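Work through each exercise with the structure open beside you.

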Amino acid sequence: WYTAFGESLGTIWKRICSIIAKIDIKTSKLLGSIELPIKERLSEIAEYIQDIQCDSKTVLVIDNYQLIQSDAPFELISALAHHSNDNLHIVIITQSLEDKKGFPISCPRIGKLTSSYFFFNKIEIGLYFEKHGFKLSIPEIDHVMEYTSGWISAICLQLINYSKTGKIKKESGIDQLFRTAIWNTMSEEDQAYFISFAPFYHINVRQIAIMIGEPKVSEHVLAMLEEFVFISFDSENRRYIFHNILHSFLEERFYENSEEEKKLIFKRAGEAHILTKELFTAFRYLTLAEEYACAMSVPIRNNDLIEIETDKLSQPLMQIVSHCPEETMMEYPEIFLIFAFEEYVRGKRDRFEEYCMIAEKAIKVKMSSEEKKDTRLMGEYAFLMIYTKFNDLEAMHAKNLEAHRELNGASTLFDFNHVWSLGAPSIMYQYWRDHGKLDEEMQMLERYMPDYLTLTEGHGTGSPELMRAESALH
């Protein structure tokens with residue numbers, strides 16, 4: 001069972017392939033070699049999965065499919081359906097997609113269960129209750145239909161309430177049904193435990209211990225999680241997954257807390273997300289808790305920020321800049337360098353400049369207060385300044401040499417294991433400065449590039465060759 005939470009397409013595909021490895025390692029490796037399931041690679045996916053080996057009845061579930069940002073989501077489903085093994089069933093769970101391009105899917109091997117399948121009629125309501133040991137009268141069945149409109153989640157809550165009270169609750173709102181059937185039957189202590197889980201869509205036992213402020217999770221809490229109707233257990237990742245109905249309800253209860261209570265939960269949520277290396281989420285929650293020093297101590301690197309939407313990316317550090325005492329910010333220049341680089345890559349030059357100014361000041365303060373000077377931060381700052389000198393290869397190289405002098409090797413603060421274009425339409429656009437000097441500038445780039453590649457551990461390899469190729473087109 002794989003549940004998508006909005007990760008990048010590459011991360012999602014790796015996770016799906018890792019699950020397929022439990023069915024057939026060979027097919028998993030072939031599919032994993034594709035890296036991204038984009039439209040141009042769908043024929044390969046269909047070819048590789050066609051001969052998948054599966055010796056026993058197996059159901060592979062991909063949940064929250066609507067969060068997978070593919071350029072051909074329905075065609076990908078069709079490609080996966082090309083397997084010829086009758087033991088394997090792939091189930092895709094997704095929100096309504098009728099308005100999306102490519103819907104409906106026309107493939108004889110694909111069956112579709114729409115929302116209508118999850119709405120019961122009166123006969124099915126009676127059978128559902130009977131299956132759980134309760135024989136409803138015709139008027140009771142009528143009332144369940146009236147208050148739920150046949151929606152299975154609401155019927156489930158009515159069943160829970162009926163098992164405890166012997167009555168059909170005369171309420172139709174899911175929130176109120178949830179409150180009556182489940183929430184109001186819990187102790188205040190248990191309610192407080194669950195409210196502390198509001199920042200999570202999924203949580204493991206170590207995180208639970210942090211959130212409830214205990215060294216160990218009691219058997220009582222674990223039993224509640226195991227038995228709770230809107231919680232499922234992900235055995236592969238050893239974590240509990242909350243249904244959206246439960247998560248939404250807990251979120252509303254969370255915001256009814258006092259500011260101090262909310263800050264405590266945010267602080268613990270930050271600490272809990274560090275455990276699972278969800279570092280930006282940890283940074284965000286610690287910032288919301290106004291634990292600014294702890295937030296800026298989180299060891300975030302650029303690869304932790306790639307999948308974060310730009311607006312969400314900016315909010316925590318902007319809050320720190322606006323509300324954190326300056327003397328505290330001066331202790332953490334690294335976080336401003338990391339975010340400055342990320343804002344620059346995304347074209348947010350105003351924030352880049354603001355964070356660079358803070359980082360430069362913080363580095364100077366740090367250098368003046370240290371008996372043994374650590375010049376690496378000066379080198380990291382000089383490296384970042386290389387990107388402010390585009391269209392001036394001499395100035396770029398000067399910053400390059402400065403960074404080399406202080407770092408004595410590659411940058412360790414920035415992670416170069418991903419691609420960025422800086423919004424530039426071409427290599428020549430970035431490096432060509434003066435008319436009539438293109439050949440001279442290409443030679444200059446070839447001469448200076450090795451020093452730059454040392455700093456980036458090879459990121460940017462091939463730029464001179466691309467520039468020569470592009471110049472040949474003009």
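This is a predicted model.

**Exercise 1.** Are Phe-383 and Phe-414 buried or exposed?

*Solution.* Both Phe-383 and Phe-414 are buried.

**Exercise 2.** Classify the ring pair of Phe-178 and Phe-228.

*Solution.* Start with what you need: a pair of aromatic rings is described by the distance of the centres and the angle of the planes.
- Step 1: A search of the whole structure finds 27 aromatic pairs.
- Step 2: In the pair Phe-178 and Phe-228, the ring centres are 6.2 Å apart and the planes meet at 40°, so the pair is tilted.
- Step 3: Now look at where the partners sit. Phe-178 belongs to helix H8 (residues 174-181), while Phe-228 is in the loop between helix H11 (219-227) and strand S5 (231-234). The pair links distant parts of the chain, 50 residues apart.

**Exercise 3.** Why does Phe-178 count as buried, and why does Phe-228?

*Solution.* Buried means under 20% relative accessible area.
- Step 1: Phe-178 has 1% relative accessibility, so Phe-178 counts as buried.
- Step 2: Phe-228 has 11%, so Phe-228 counts as buried.

**Exercise 4.** Which residues do ring pairs link into a cluster with Phe-178, and which residue lies over the face of Phe-249?

*Solution.* 
- Step 1: Ring pairs join Phe-178 with Trp-183, Phe-194, Phe-197, Phe-228, Phe-230, Phe-242 and Phe-249 in a cluster.
- Step 2: Over the face of Phe-249 lies Arg-253, at 4.3 Å from the ring centre.

Definitions and conventions: Residues are numbered from 1 along each chain as its sequence is written. This is a predicted model: local features need pLDDT of at least 70, side-chain atom pairs count only at pLDDT 80 or more; totals for chains, interfaces and linings use all residues. Side-chain values use heavy atoms; hydrogens and water are left out. Rings of Phe, Tyr and Trp (its six-membered ring) pair if their centres lie within 6.5 Å; planes under 30 degrees apart count as stacked, over 60 as edge-to-face and the rest as tilted. Helices (H or I, at least four residues) and strands (E, at least two) are DSSP runs, numbered from the N terminus. Buried means under 20% relative accessible area, exposed over 50%, partly exposed in between (1.4 Å probe, protein chains only). A charge sits over a ring if NZ of Lys or CZ of Arg is within 6 Å of the ring centre and within 35 degrees of the ring normal.
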